[in-house]
Amino acid sequence: MSDAKQMMFAKNLISVCINGSKNGDFQGALYHQYADEPIPFDSVIKLLILVDELLDEWDFPQKSLDPRTFKAPNVVRNTRRTNSEDELVIDKIQQAYGTRNIQKQSGELGTFIVQIVYRQNATWQGQVLMVETNEKKEFSSAMELLRIMDDSLKSRGVLEI
């Protein structure tokens, strides 16, 4: 089985569908395997925030650094593994909601299947599959992921250079 096909079965896949670009900023929708409805975004910043929130909710992959705070939190939230069997939060989500095939989703300008494997040094590391070209690349930061997506769209001529 090819690496690209193996990636398609990971439990933390996200499909980023780019539907438009305005002033160098992406608009589109984010899909994941545990919900039917897309999550729209109207900027790259919103996309990054949405993905980070999803990863925090899933607690997968786990962060290597927690955000620094200078005051005590109002509510103590423990989203880490919660039972004695060390079952992952994402596994509980998968059992509760089932999985959907996000490979059918596509953006008007481009579609990117993203797997974030690590969250180290306050950023993401993983791999991305450019669906239109079936090319897979690894990235070592969120910024590099955005650059790969931008370069892919520009090289295919769907974004102005």
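Predicted model: local features only at pLDDT ≥ 70, side-chain atom pairs only at ≥ 80, totals over all residues.
The ring centres of Y34 and W58 lie 5.5 Å apart with planes at 90°, so the pair is edge-to-face (planes over 60 degrees apart; under 30 counts as stacked, the rest as tilted). Y34 belongs to the loop between strand 2 and strand 3 and W58 to helix 2, so the pair ties together parts 24 residues apart in sequence. Both residues are buried (under 20% relative accessible area, 1.4 Å probe, protein chains only). Elsewhere, the charged end of K11 sits over the ring of F60, 5.5 Å from its centre (NZ of Lys within 6 Å of the ring centre and within 35 degrees of the ring normal).

An open sheet of 6 strands runs in the order 3-2-1-4-5-6, with antiparallel pairing (at least two DSSP bridges per pair). Strands are DSSP runs of E, at least two residues; helices are runs of H or I, at least four. Strand 3 (39–41) and strand 6 (135–139) each have a single partner, so one side of each lacks a neighbour in the sheet. Strand 1 (residues 13–22) pairs with strand 4 (residues 110–118) over 6 bridges. I18 has G110 of strand 4 as its bridge partner.

Residues are numbered from 1 along each chain as its sequence is written. Local features need pLDDT of at least 70 and side-chain atom pairs 80 or more, while totals for chains, interfaces and linings use all residues, and side-chain values use heavy atoms, without hydrogens and water.

Definitions and conventions
Phe/Tyr/Trp six-rings, centres within 6.5 Å; stacked < 30°, edge-to-face > 60°. Buried < 20%, exposed > 50% of the residue type's maximum accessible area, 1.4 Å probe, protein only.
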